[in-house]
Amino acid sequence: MRPVHDLFDAVGIVLFLGLILIAVTSLVVRFRRSGSEERQQLKWFMYAVSTVLVWFLLNRPIEDAAPELFLIIDALVIAGIPV
């Protein structure tokens, strides 16, 4: 079953990256076609998305180095999303 799992894993990664590209393209098109109020809403949405993305890229080294600090920062990032 290992070869089948590896095949599905590779296909899943390609599909996931394709879906991310489609989502980003959709946001760019929406931003270009929107009015001033919608643009401001999209800017805030993208700010929240980028903050979470940066946190997910940095959280593993922080968790390994300082687990207590990780818990505090993780709670602040997650609580800060709605803000």
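Helix 2, residues 36-65, has 30 residues and should span 44 Å at 1.5 Å a residue, and its end C-alpha atoms sit 43 Å apart, which agrees. The expected span here is 1.5 Å times one less than the number of residues in the helix. Helices are DSSP runs (H or I, at least four residues), numbered from the N terminus. The model is predicted, so local features need pLDDT of at least 70 and side-chain atom pairs count only at pLDDT 80 or more, while totals for chains, interfaces and linings use all residues. Residues are numbered from 1 along each chain as its sequence is written, and side-chain values use heavy atoms, with hydrogens and water left out.

Back to helix 2. There is a bend of about 45 degrees at Leu58, with a proline, Pro61, following within four residues. The bend is the angle between axes fitted to the seven residues ending at a residue and the seven starting there. The buried residues of this helix are Leu42, Val52, Trp55 and Asn59. Buried means under 20% relative accessible area, exposed means over 50%, and partly exposed is in between (1.4 Å probe, protein chains only). These buried residues of helix 2 pack against helix 1 (2-33) and helix 3 (67-80), with contact meaning heavy atoms within 4.5 Å.

Helix 3 gets the same check: its 14 residues should span 20 Å at 1.5 Å a residue, and its end C-alpha atoms are 20 Å apart, so the two agree. Its buried residues are Phe70, Asp74 and Val77. They cover an arc of only 70 degrees around the axis, which puts them on the same side of helix 3; the arc is that of the directions from the helix axis to the C-beta atoms. Over on the other side of helix 3, Glu68, Leu71, Ile72 and Leu76 are exposed. The buried residues of helix 3 pack against helix 2.

Now for the charged pairs. A search of the whole structure turns up two salt bridges, each a side-chain nitrogen of Lys or Arg within 4 Å of a carboxyl oxygen of Asp or Glu. One joins Asp6 to Arg2, with the closest N and O atoms 3.9 Å apart. Asp6 and Arg2 are four residues apart in helix 1, so about one helical turn separates them. Asp6 counts as partly exposed because its relative accessibility is 38%, whereas Arg2, at 57%, counts as exposed. Glu63 and Arg60 form a salt bridge too, at 3.5 Å from N to O. Both residues lie in helix 2, three residues apart, about one turn of the helix. Glu63 has 29% relative accessibility and so counts as partly exposed.

Conventions: Helices (H or I, at least four residues) and strands (E, at least two) are DSSP runs, numbered from the N terminus.
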